[in-house]
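Please read them beside the model.

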Amino acid sequence: MEGTRDALGRKAPVGGVARGIRLAFEDLGATYVKFGQLVASAPAIMPEALTEEFRSTLDSGPPIPFAQVRRIVERDLGAPLEDLYETFEPEPFAAASIAAVHRATLRDGRKVAVKVIRPGVASVVAADMDLMQPVARVLALQGVEAAYNGVSYLIGLREQVAEELDLRNEARTMDYFRGLFATFELTRLAIPEVIAAHSARRVLTMEFMDGAPIDDLAGAAEIGVNPAPLVNDLLRAWVLTALRAGAFHADIHAGNLLLLRDGRLAMLDWGVVARLDPETRQFFRALVRATLGEEEAWDDIVEHTRKTQGALIDAMGYSDDQLMEVSKAYLEPVLMRPLKDVSMAAMFMSPERVLEVNHGIAAPRRSLRGQWEQNRLRARTYRGSFEADILTQASQRANFLSAKQLLYLERYGRMYMPEERLLGDHDFLRAALQMSAVD
């Protein structure tokens, strides 16, 4: 049976092939399930057959044996489980790569969700990284574009998992963003309240929230919630928190966004947060200014790109004028066009593919020798990036997480507000810039 093609022009796996890939990822464990979650939430760059098959990786991983759950909770909280909770369901209602989440009831009757870190997951992920990263690097040095993107993802994932393994980080983040959302009057976005007395390094107890995933059309209809204004608020929250706080929720896959019966959108799992260094924050401001039509903002975008990725740009041989053209080719469609006409997959493509996908300019046909020369250029470019250690820079991780968020936001935007632009409310953008001026 002939497969369809994805946004990058690759033939898509079908039926049993996609299922086999998903089962292999789940068997390989935590690190591969993390990849699976990205696959499930990124139809812009992944074949539909894969994204549908990998949906189960969002919240249905293997449970932790209850004896181990009890041991972790009691050791971290310093009391018997029965003294801490009135009820505690042995089977998790959600389980992913790093943790499992159980329903419970506090002694005062409040319904809560209890997140418990998987035992031994740190060593498993470290071993996987030590195996995968050198292989991806070798392939990248041969000019394999997907491998270079893979190295970037793995470097970011290593730092991300280190943060996720200490749930006290997540608890502090949730408290901080609850206050921030209240300040911004984002009342339709809900973050669970943390129960501090029942939380520790490997245990996080929080207010229980139940609903339908944001991409569940049937669930939204059953609940009677219109997701469109909630997606708009989600976009606003991304812009406001990035501009004002220099941080944003960096893992908004569908399993972490629930449509609640009271009309709000719950944002769960705050273990992954992007933190923008001052230069990247100014770059984000420049993108907003460019959206508002400030031509001078493009000079700031080029200056930032040259400053943070100079070795990579030099290896590609771009002048400032050429870099301006490439920057606009990548970013103008994302900023200026309706979501239905935008391909966020372009964020992960070569400049030639960007021109083809977003601008309709066909890539030149190359002979075998031309293809070989192009591959050599990519290899030289990636080597310059590695030698300059670009992929370990804070700005690089922030850029990668931002691009990943754009994939998610594109999906929800296309579903519920396809005629709108990603950053279409100019009055809001001007107010956000004024409210969040950086010293």
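1. Buried means under 20% relative accessible area, exposed over 50%, and partly exposed in between, with a 1.4 Å probe and protein chains only. Trp238 and Phe248 are both buried. The model is predicted: local features need pLDDT of at least 70, side-chain atom pairs count only at pLDDT 80 or more, and totals for chains, interfaces and linings use all residues. Residues are numbered from 1 along each chain as its sequence is written, and side-chain values use heavy atoms, with hydrogens and water left out.

2. How many aromatic pairs are there? The count is nine. Rings of Phe, Tyr and Trp (its six-membered ring) pair if their centres lie within 6.5 Å; planes under 30 degrees apart are stacked, over 60 edge-to-face, the rest tilted. Phe181 and Trp270 are edge-to-face, because their planes stand at 70°, with centres 6.3 Å apart. Phe181 belongs to helix α8 (residues 167-183) and Trp270 to the loop between β10 (265-267) and β11 (273-275), so the pair ties together parts 89 residues apart in sequence. Helices (H or I, at least four residues) and strands (E, at least two) are DSSP runs, numbered from the N terminus.

3. Phe181 is buried at 5% relative accessible area. Trp270 is buried too, at 1%. Ring pairs join Tyr176, Phe177, Phe181 and Trp270 in a cluster.

4. Trp238 and Phe248 also pair edge-to-face: centres 6.2 Å apart, planes at 85°. Trp238 is in helix α10 (residues 227-244) and Phe248 in strand β8 (residues 247-249), ten residues apart.

5. Val144 lies in the loop between α6 (121-140) and α7 (145-164). Val144 is partly exposed, with a relative accessible area of 34%.
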